[in-house]
Amino acid sequence: MKKGEVVVDTNVPLVANGKAEQAGLECEVACVRKLIQVQSEQRTLLDDKMLIIGEYRRNLSHSGQPGVGDAFFKWLWENQANEQHCRTVPLTVHADRGFVEFPDDARLSSFDLSDRKFVAVALASGTDPQVVNASDTDWWHDRQTLAEHGLQIVFLCPELMQMER
């Protein structure tokens, strides 16, 4: 039985592939371990607009090689319709916020537009999933506001988070 649901920011498989200069070996190992755990123990949330899959496709190898992040993407692609491993969450496009499901909160107005789909999927899921981040500091800067809206963020590489933008 799967232990909860998860939203995986693209930076996690990228770091697992060794594609982030700022990430050291300890961070890469944490990402590899998390991706393995997601595949065996958790259910990955995706969006019905295929935005998350599309971002993975642009940044990772569909062949599943050469890295663990690529292998995760191949596994996800092959299992996206398997409800044991994945669940698709509907999103509604919003002209200003990106998605209706993204919080209407002025404090989040500078939150990265490309990361809003991950927030929207997590909040729209109704299951309090983990959002997993490795190297993207916008999550760290807005962590308190996002938590106020019910987001549970897991920072795999806290040493990469800094307080300045």
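Student: Strand 2 first. How many of its residues are buried?
Tutor: This is a predicted model. In it, 4 of the 5 residues of strand 2, residues 43–47, are buried. Buried means under 20% relative accessible area. So strand 2 is largely enclosed by the rest of the structure.

Student: Which way do strand 1 and strand 2 pair?
Tutor: Parallel, over 2 bridges. Strand 1 covers residues 5–8.

Student: What stands opposite Val6?
Tutor: Thr44, in strand 2.

Student: And how many bridges join strand 2 to strand 3?
Tutor: There are 4 bridges, and these two strands run parallel. Strand 3 is residues 86–89.

Student: Which residue of strand 3 is the bridge partner of Thr44?
Tutor: Cys86. Thr44 also stands opposite Val6. That puts Thr44 in the pairing on both counts.

Student: What sense do strand 6 and strand 7 pair in?
Tutor: Parallel again, with 4 bridges. Strand 6 is residues 130–133.

Student: Which residue stands opposite Gln152?
Tutor: Gln130. Gln152 itself belongs to the uncovered face of strand 7.

Student: Zoom out. How many helices and strands?
Tutor: The chain has 7 helices and 7 strands. In sequence order they read β-α-α-β-α-α-β-β-β-α-β-α-α-β.

Student: Why call the chain as compact as a globular protein of that length?
Tutor: Its radius of gyration is 15 Å, and the globule rule gives 15 Å for 165 residues, so the chain is as compact as a globular protein of that length.

Student: What does the C-alpha trace span?
Tutor: About 40 × 35 × 30 Å along the principal axes of the chain.

Student: What share of the chain is buried?
Tutor: Buried residues are 50% of the 165.

Student: And contacts? What share comes from residues 24 or more positions apart?
Tutor: They account for 63%, counting contacts with a separation of 6 or more.

Student: Last one, charges. How many positive and negative side chains?
Tutor: The chain carries 17 positive and 25 negative ones. The centres of the two sets lie 4 Å apart.

Definitions and conventions
Residues numbered from 1 in each chain as written. Predicted model: local features only at pLDDT ≥ 70, side-chain atom pairs only at ≥ 80, totals over all residues. Heavy atoms only, no water. Rg over C-alpha atoms; globule rule 2.2 N^0.38 Å. Buried < 20%, exposed > 50% of the residue type's maximum accessible area, 1.4 Å probe, protein only. Contact = heavy atoms within 4.5 Å. Lys, Arg positive; Asp, Glu negative; His and termini not counted. Charge placed at Lys NZ, Arg CZ, Asp CG, Glu CD. Pairing = 2+ DSSP bridges.
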